[in-house]
Amino acid sequence: MDVTIHSSFLPHTDPEASLAFYRDLLGFEVRMNVKYGEMAWITVGPPNQPDTAIVLAPATATPGLTDDERRTINEMMAKGTYAGINLATKDLDALFAKLEAGNAEVVQEPVDQPYGVRDCSFRDPAGNLLRIQELR
């Protein structure tokens with residue numbers, strides 16, 4: 001059996017800010033932008049990896065959520081504890097400099113971790129944690 005990761009979901013609170021971050025700063029291509037009323041589901045991914053994608057979805061669009069659950073999700077996103085993803089690059093310092101210059105929220109500057117990776121981390125406009133590892 002051959003199973004791959006096709007797409008992962010991250011919540012967003014502002015589609016335009018998410019596009020600016022993932023498309024303009026990270027260099028991902030926009031593969032789909034599906035709108036329903038004022039909501040948008042935006043599929044992005046690295047241009048050189050057409051079979052892998054991130055779907056940026058409205059944070060509280062899940063049917064059946066209670067008002068308390070929506071409030072909890074919004075609170076967790078504001079703290080940056082609701083969702084995250086790990087990315088990788090060959091040139092961590094260059095990507096860090098690009099994101100920092102683009103006013104992305106820095107959580108951790110590039111550092112060699114005791115568990116053997118070199119990485120940094122940022123928050124996207126919705127508060128999602130992005131850890132970026134250096135490919136060696």
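**Reading contacts, cores and pairs**

Me: Which residues does arginine 118 touch, not counting those up to four places away in sequence?
Reply: Contact means heavy atoms within 4.5 Å. By that rule, with residues up to four places away in sequence left out, arginine 118 touches Leu92, Asp93, Pro110, Val111, Asp112, Ile132, Gln133, Glu134 and Arg136. One caution on the source: this is a predicted model, where local features need pLDDT of at least 70, side-chain atom pairs count only at pLDDT 80 or more, and totals for chains, interfaces and linings use all residues. Residues are numbered from 1 along each chain as its sequence is written, and side-chain values use heavy atoms, with hydrogens and water left out.

Me: Where does arginine 118 lie?
Reply: Helices (H or I, at least four residues) and strands (E, at least two) are DSSP runs, numbered from the N terminus. Arginine 118 lies in strand β7.

Me: Is arginine 118 buried or exposed?
Reply: Under 20% relative accessible area is buried, over 50% is exposed, and in between is partly exposed (1.4 Å probe, protein chains only). Arginine 118 has 15%, so it is buried.

Me: Which side chain does a polar contact of 2.9 Å join to arginine 118?
Reply: A polar contact is a pair of N or O atoms within 3.5 Å; within protein, one must be able to donate a hydrogen and the other to accept it, and residues adjacent in sequence count only if both atoms are side-chain atoms. Here the partner of arginine 118 is aspartate 93, at 2.9 Å between side chains.

Me: How many salt bridges does a search of the whole structure find?
Reply: A salt bridge puts a side-chain nitrogen of Lys or Arg within 4 Å of a carboxyl oxygen of Asp or Glu. The search finds nine. One of them joins aspartate 112 to arginine 118, with the closest N and O atoms 3.9 Å apart. Aspartate 112 is exposed at 53% relative accessibility. The pair also belongs to a network of salt bridges that links Asp93, Asp112, Arg118, Glu134 and Arg136.

Me: Which arginine forms a salt bridge with aspartate 119?
Reply: Arginine 131, with the closest N and O atoms 2.9 Å apart. Aspartate 119 sits in strand β7 (residues 118-123) and arginine 131 in strand β8 (residues 129-134), so the pair ties together parts that are twelve residues apart in sequence. Aspartate 119 is buried, at 1%. Arginine 131 is partly exposed, at 22%.

Me: How many residues apart are aspartate 68 and arginine 71?
Reply: Three, about one turn of the helix; both lie in helix α2 (residues 67-79). Arginine 71 is partly exposed, at 44%.

Me: How many aromatic pairs does the structure hold?
Reply: A pair of aromatic rings is described by the distance of the centres and the angle of the planes. Rings of Phe, Tyr and Trp (its six-membered ring) pair if their centres lie within 6.5 Å; planes under 30 degrees apart are stacked, over 60 edge-to-face, and the rest tilted. This structure holds three pairs. Tyrosine 22 and phenylalanine 28 are tilted, at 6.3 Å centre to centre and 35 degrees between the planes. Phenylalanine 96 and phenylalanine 122 have centres 5.3 Å apart and planes at 45 degrees, so this pair is tilted. Phenylalanine 96 is in helix α3 (residues 92-101) and phenylalanine 122 in strand β7, so the pair ties together parts 26 residues apart in sequence. Both phenylalanine 96 and phenylalanine 122 are buried.

Me: How many residues has the largest nonpolar core?
Reply: In soluble globular proteins, nonpolar side chains tend to be buried together. A nonpolar core is a set of buried Ala, Val, Leu, Ile, Met, Phe, Trp, Tyr and Cys residues joined through side-chain atoms within 4.5 Å. The largest here has 24 residues; Phe21, Tyr22, Leu26, Ile54, Leu99 and Ile132 have the most contacts inside it. Elements α1 (15-25), β3 (39-45), β4 (53-58), β5 (84-89), α3, β7 and β8 each supply at least two residues of this core. Another core, of five residues, lies apart from it and includes Ala59, Leu65, Ile73 and Met77.

Me: How many helices and strands does the protein chain have?
Reply: Three helices and eight strands. Along the sequence the pattern is β-α-β-β-β-α-β-α-β-β-β. Of the 136 residues, 38% count as buried.
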